[in-house]
Amino acid sequence: MYSIKINEKRVTGKRNPMIYGHFIEHFHRQIYDGIYDPGNPLSDEEGFRTDIMEAMRKIKVPILRWPGGCFVSSYHWKDAVGPERKPLFDKAWRVEDPNTFGTDEYVKLCNKLGCEPYICTNAGTGTPEEMSDWVEYCNLEDEGQFAKWRIANGYEKPHKVKYWSIGNENYGGWEIGAKCADEWGRLVREAAKMMKHVDPETELSAAAIPDVDWNMNLLKNCGPYLDWISIHQYWDMMPEVNNPATYEQCMAWTKNVSRAVDDVRGILTALHLEDKIKIAFDEWNLRSWHHPNVHSIKQGVGKDTYVTPRDKNDDNSTYTMADAVFTACFLNAMNRNCDIVGMANFAPILNTRGCIYSYDKGIVLRSTYHVFDLYVNYLGDTVIDMWSEDEMPTLNVNYKWGAPETVDTLDLIATKWSDKEGIAVAAVNKHMDESQEIAIDGDFENAKVVMYSISGNDKDSYNDIDRNEVTINEEIIGRFESGMKITLKPHSVNVIQILPI
Ligand code: AHR
């Protein structure tokens, strides 16, 4: 038995809703033949899939990062606005992009979803001027040629894009227009200067990594101009070989999902920037995307070796309770660090490794979708103190490469709402086949206990077309009594609500 004690008067912090954010890139059916599907009977008059948008609204997508990702590092936004669109050969993903989905379509989508736009700019082949011109186009009333261009394109009012990222992963050799730390600090400073001069209301992020040299250089050059620092992480790396880790192997990665946050927090604190700059974990997913041979420059290598294999991302059997349990552990960690993590973006929201899969006649809500539903709609917005005097049960598992690891079997956080009475505990049981019992101590008088859970039929359960093994189940536990036992099914994500009767 693992007893937890909760003190709702001791507040860790109020999480920013943007830690439940998302990302969508011009890659493999996320945009085209994905959310933007003109001509499909399920799409509205502007070409956006209504079924996908409805699913996105249900998990209250708070912010949507776009257009990349690697795509953005050779993307020029001016080719994709106005009546004349210039098709792009996308040098990142080596396919043609018709540019029929551009800034105006993206902002329209965000307005339909009721979410904040978050634009990542091209710091690969782009320039500080191109970035700041983009801010002019989106945010100035009518001054200058770019605001006037937006008006001429039929958008009288500014798009009011508040969140902007300078660059994607320009630290990596895989990125078009990769930069060294020195170059990066100076480029970001010049870009940030111009973007803030256009619109000081913007909040700017820049690509970073949990690396001291890179971040020190970035922050020393740009600290005054930045509001966010952007980090990315995938754990089950499958860019070249699509061999998803097993449930047990995925549990090993839950050992320390906030390591990158801890490292960047340390650097921000050392520079006395921890109160000024927040962390945007603006790409994360247990599973990396599969896009083999994309950097191959061998002769005789055709699209069948680097485009066709991307369809393997669409195999819905990949996304099991391992993905749901890992996602819940990650979101718990971001909630625990809500004082410094202000945004996190699941990469991506749609198709590829997303929480929603779409096909011509409908959608599939993958296991991770239901975790977002639980956390957004059933969990509180304020993280409160919770502790235990019992020994945490542990689980012995192995990483994908065989190394052993011992992880906590349970992952728990306690929350309350800022606008209503009651508390909600997120409780994850990682064990492959054993239930775990917890007890909740607290003085919640005249309260009822309801538990909302996802567990699937087994650890490898998944959802697919005409297959719905992973859904949220409601269990009325009964009247609250301090110390009451609650059983968590194996491989389950649970939200236990204790509400006044
Ligand atoms: O695999 C997709 C890529 O992962 C994104 O485009 C990039 O930002 C990250 O490296």
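Let me start with helix α6, residues 212–222, and helix α8, residues 259–270, which pack with their axes 11 Å apart. The angle between α6 and α8 is about 40°. That makes α6 oblique to α8, and the crossing in which α6 passes α8 is right-handed. Keep in mind that this is a predicted model.

Which residues of α6 meet α8? On the α6 side they are Val-212, Asn-215, Met-216 and Leu-219. On the α8 side, Val-264, Ile-267 and Leu-268 meet them. Sorted by type, the residues of this contact between α6 and α8 come to 6 nonpolar and 1 polar, with no charged residue.

I am giving an angle and a distance each time because two packed helices are described by the angle between their axes and the distance between the axes.

The next pair is α3 with α5. Helix α5 covers residues 181–198, and its axis and that of α3 come within 8 Å. The two axes cross at roughly 25°. That makes α3 roughly parallel to α5, since angles under 35 degrees count as such. Here too there is a handedness to report: α3 passes α5 in a right-handed crossing.

As for the residues, α3 brings Pro-128, Glu-129, Met-131, Ser-132, Val-135 and Glu-136 to this contact. They meet Leu-187, Glu-190, Ala-191, Met-194, Met-195 and Val-198 in α5. The contact of α3 with α5 divides into 8 nonpolar residues, 1 polar and 3 charged.

Helix α3, residues 128–139, also packs with helix α4, residues 144–152. The axes of α3 and α4 come within 7 Å and cross at roughly 45°. α3 and α4 are therefore oblique to each other, and their crossing is right-handed.

Who meets whom there? From α3 we have Asp-133, Glu-136, Tyr-137, Cys-138 and Asn-139. From α4 we have Gly-144, Phe-146, Ala-147, Trp-149 and Arg-150. By type, that contact of α3 with α4 holds 5 nonpolar, 2 polar and 3 charged residues. If you look at Glu-136 on the screen, it is listed among the α3 residues that meet α4, and also among those that meet α5.

Now the backbone. Most residues other than glycine have a negative phi, and most peptide bonds are trans. Here are some exceptions in this model.

Where are the cis bonds? Pro-67 sits in the loop between β3, residues 63–66, and β4, residues 88–90. Another cis peptide bond joins Gly-68 and Gly-69, with omega about 5°. Gly-69 is likewise placed in the loop between β3 and β4.

Then two lysines with positive phi. Lys-60 has a phi near 50°, a positive value in a residue other than glycine. Lys-60 lies in the loop between α1, residues 50–58, and β3. Phi of Lys-160 is near 50° as well, again positive and again not in a glycine. Lys-160 is found in the loop between α4 and β7, residues 163–166.

Last, the domains. How is the chain divided? Domain 1 takes residues 2–11 and 381–500, and domain 2 takes residues 15–377. Their C-alpha centres lie 30 Å apart. Between them, 38 residues of domain 1 are in contact with 40 residues of domain 2.

The size of an interface is often given as the accessible area lost when the parts come together. For domain 1 and domain 2 that buried area is about 3,100 Å², with 66% of it on carbon and sulfur atoms.

Notes: Residues are numbered from 1 along each chain as its sequence is written. This is a predicted model: local features need pLDDT of at least 70, side-chain atom pairs count only at pLDDT 80 or more; totals for chains, interfaces and linings use all residues. Side-chain values use heavy atoms; hydrogens and water are left out. Axes are lines fitted to C-alpha atoms, for helices over the stretch in contact, and angles run from 0 to 180 degrees between N-to-C directions. Helices (H or I, at least four residues) and strands (E, at least two) are DSSP runs, numbered from the N terminus. Angles under 35 degrees count as roughly parallel, over 145 as roughly antiparallel, 65 to 115 as roughly perpendicular and the rest as oblique. A crossing is left-handed if the near helix is turned anticlockwise from the far one by less than a right angle, and right-handed if clockwise. Contact means heavy atoms within 4.5 Å. Ala, Val, Leu, Ile, Met, Phe, Trp, Tyr, Cys and Pro count as nonpolar, Asp, Glu, Lys and Arg as charged, and the others, Gly among them, as polar. Domain bounds come from an automatic or database domain assignment. Buried area is the accessible area (1.4 Å probe) that two parts lose on being put together, summed over both.
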